[in-house]
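The tour goes from strand to strand and then out to the helices, one selection at a time.

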Amino acid sequence: MIQGVLFDMDGLMFDTEPLWGQSWEPALAAHGLSYKPGLAEACRGAGSSVNRQRLLDWYGPDCPADAVIRDMHTIAEAKFAAPVPKKPGLDPLLAWLSEQRIPMAVVSSSREAVVHRNLDNWSLGPYFSALVAGDKVTRPKPDPQPFLLGAQMLGLEPGRCLVLEDSYNGVRAGAAGGFVTIMVPDLMPPTPEIRALCTAVCPSLHQVLELLRAGEV
């Protein structure tokens, strides 16, 4: 039986992924680089150190990767000052888990300040007992370290925790850590590889709640 739930944030709890995706082009342009189709998808759900290497792979060793990532974050985070829409089904899922006294954590590749801002904009912080942000780990997703740390902070074994993710990198991290992992696709449909790593693929958080209520995860 599930004893804890670890939530990704971008694209899972809030509709932030389009804002991140739109921020790559101006960040690259500031350094004289053109956006290459597929970059946002390749970087989605991963931490800054992983995305730094992706930029070097895509643009070569002379790419000012750290500066591009810094500018991308600055552009995207400015968009989060106003509340970003919540994903369908988030509120009833959080309420049910709280009623069942199942502890929850946010495990995100975003910076801690951004996570707090998105939670505070909707007064959702009190639901969560722990928070693991991308700037607080040494090995970001797709490495399982962020989720392992989240489970540790909840005092639970990975196999007793449900990971909820929308990205390929997040699903890979959850599966690698031995977590029960459900994908709730946002901008990227599950591939055969990703389906094989998931316990289930749910079209929205409403269906995740149905599975939990039925005791199927």
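Begin by selecting β1 and β4, which run parallel and are joined by 4 bridges; strands here are DSSP runs of E with at least two residues, helices are DSSP runs of H or I with at least four, and both are numbered from the N terminus. Residue numbers count from 1 along each chain as its sequence is written, and the model is a predicted one, in which local features need pLDDT of at least 70 and side-chain atom pairs count only at pLDDT 80 or more, while totals for chains, interfaces and linings use all residues. Side-chain values use heavy atoms, with hydrogens and water left out.

Within this pair of strands, Gly4 has Cys161 of β4 as its bridge partner, and Phe7 stands opposite Leu164 in β4.

Now widen the selection to the sheet, which is open, has 6 strands in the order β3-β2-β1-β4-β5-β6 and is parallel in its pairing; two strands pair if DSSP finds at least two bridges between them. At the edges stand β3 and β6, each with a single partner strand, so one side of each is left without a neighbour in the sheet.

Return to β4 and colour it by accessibility, where buried means under 20% relative accessible area, exposed over 50% and partly exposed in between, with a 1.4 Å probe and protein chains only. Of its 5 residues, 5 are buried, so β4 is largely enclosed by the rest of the structure. In a regular strand the side chains alternate between the two faces of the sheet. Here Cys161, Val163 and Glu165 are on one side of β4 and Leu162 and Leu164 on the other, and both faces are covered. Moving on from β4 to β5, you find 4 bridges between these parallel strands, with Val180 in β5 as the bridge partner of Leu162.

Next, show the aromatic side chains: which rings pair with one another? A search of the whole structure finds 2 aromatic pairs, counting rings of Phe, Tyr and Trp (its six-membered ring) whose centres lie within 6.5 Å, with planes under 30 degrees apart taken as stacked, over 60 as edge-to-face and the rest as tilted. The rings of Phe7 and Phe128 have centres 5.7 Å apart and planes at 85 degrees, so this pair is edge-to-face. It links distant parts of the chain, since Phe7 belongs to strand β1 (residues 4-7) and Phe128, 121 residues apart from it, to the loop between α6 (112-121) and β3 (130-132). Both Phe7 and Phe128 are buried.

Select α10 (residues 205-213), in which the buried residues are Leu205, Val208, Leu209, Leu211 and Leu212. Looking down the axis of α10, you will see these buried residues fall within an arc of 160 degrees, so they line one face of the helix; the arc is that of the directions from the helix axis to the C-beta atoms. They pack against α5 (90-99), β4 (161-165), β5 (180-183) and β6 (200-201), with contact meaning heavy atoms within 4.5 Å. At the start of α10, a side-chain oxygen of Ser204 comes to within 3.1 Å of the backbone nitrogen of His206, and after the helix comes Gly215, whose phi is positive, near 70 degrees.

Val184, in the loop between β5 and α9 (192-197), is buried at 6% relative accessibility. Leaving out residues up to four places away in sequence, Val184 touches, among others, Glu165, Ser204, Leu205 and Val208.

The C-alpha atoms of Leu148 and Gly177 are separated by 6.6 Å, although the residues are 29 apart along the chain.

Finish with Asn169 in helix α8 (residues 168-176), buried with a relative accessible area of 3%. Beyond its neighbours within four places in sequence, Asn169 is in contact with residues including Cys43, Arg54 and Lys141.

Conventions: A polar contact is a pair of N or O atoms within 3.5 Å; within protein, one must be able to donate a hydrogen and the other to accept it, and residues adjacent in sequence count only if both atoms are side-chain atoms.
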